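Please go through the model below with its sequence at hand.

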Amino acid sequence: MKMKDSMDRMEFDQGNLQEEAPRRVQRRKRPELKPIWFAAVAVVLLAVVLIAALTDTTAFDGLRRSVTYARAKKDETGCAQLYHYAADRTSCFASLDGSLAIVTNSQLLVMQEDGQVVCNETVKWTSCTVTGTGSLAAAYDIGGSDVYVLNAQGLVRKITCGGEILSVTLTREGRLAVTLNERGYKAAVEVYDEDGVKEFAFHSADSFLMTSSVSRNGKEMAAVTMGQAQGSFTSSIVLYKLDRQEAYATCDLAGVAVYDLGLVGKRYCAVAEDSLHFIDQKGRAAASYSYDGGVLRRCSLGGDGYAAVLLGRYKVGSQLRLVTVNSDGKELGSLDLDGDVLSMSACGRYVAVLFADRLVIYNKNLKEYATLQGVSSAGDVLMRSDGSAVLAGSAAASVFLP
């Protein structure tokens, strides 16, 4: 009761209702989105992309493929047939950022995915070949003198060399190392920069030069020489600075024949008959990987920081072993295979193996990523860094989109 009495005695000042306007509670305004918020969102999205790349995931590649090939008409197997060309038994191929280079003894073609031909050069060759990096390709005739540099838009340049071409290596930056047969010498090497300017030439009077390769920074070159010592052949990896004529380092590989030379990571990789040899830029034999009695069938140096090697258990037969090896000579993956392998290609984080009846794509640790059955019309496979693969046949090529 006392509480009720005290409430009754309380007075409230209501003010002068005739003079004062009623007071209203103002609503809080919503904060405006400032440009900094948009920048923050962009940073978050960029971080997601970087995390996807750094964690070596293939999910981002699948997203990239779905955007890149959104308009491509696919069949029930996930293939989009994008390229049609005249059949030629001499054809060899290179993938060029969505375009396809088709090289024959009579013609150079670069076709885009919409079927448009952006390069059509007539040639008269006898032994055509092409080497590619994914965005660039170099087409040439063994024994000829011209190198055609191609990209997705067509012909970049034509380079005429000073002798008969034996081999050509091409870096991702567009630098060329051309090994030549030149009169008066056992062999020669010419190096061209990314603009096609010759910046180095070396002539060998003592040893045969088999192949060569330029470093990624364009300042050094390695060449494979073949000589004879004490009745056996010896291969040597000879290193040069491109601003001087004399070699600054030599790595001898006694009793070994080297078939190919390229870059794996920051080291030169010499593909030999019995092992892979990794040479650093000081000319030291930094690491090696023995085939352990296996017979070298195929090797691809197109992967990011690794070599993919296909080995046979015997000189003939279909019992095979596929391995991926980093520049420290360590196995990233090993897998036994059984079947007739027609082609193999490594690019980015993927290795594609084309069998007579199927295509299998693995990651660099040789975990199966995708499989396509019924590929009897294809004779060559070109792996792409986004996880797609070009299946090239005699008259048409399609893109497999896992």
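Two strands count as paired if DSSP finds at least two bridges between them; strands (E, at least two residues) and helices (H or I, at least four) are DSSP runs, numbered from the N terminus. This is a predicted model, in which local features need pLDDT of at least 70 and side-chain atom pairs count only at pLDDT 80 or more, while totals for chains, interfaces and linings use all residues. Residues are numbered from 1 along each chain as its sequence is written, and side-chain values use heavy atoms, with hydrogens and water left out.

An open, antiparallel sheet is formed by four strands in the order E1-E32-E31-E30. Its edges are strand E1 (79-84) and strand E30 (378-383); each has a single partner strand, so one side of each is left without a neighbour in the sheet. Within this sheet, strand E31 (residues 389-393) and strand E32 (residues 396-400) run antiparallel and are joined by four bridges. Leu391 has Ser398 in E32 as its bridge partner.

The largest nonpolar core has 17 residues. Such a core is a set of buried Ala, Val, Leu, Ile, Met, Phe, Trp, Tyr and Cys residues joined through side-chain atoms within 4.5 Å, where buried means under 20% relative accessible area (1.4 Å probe, protein chains only). Among the residues with the most contacts inside this core are Val103, Trp125 and Leu150. Strands E2 (92-96), E3 (99-103), E4 (107-111), E6 (128-132), E7 (137-141) and E8 (146-151) each supply at least two of its residues. The largest share, three residues, comes from E2. Another core, of 16 residues, lies apart from this one and includes Ala352, Ile361, Leu372 and Ala389.

Note on methods:
Buried means under 20% relative accessible area, exposed over 50%, partly exposed in between (1.4 Å probe, protein chains only).
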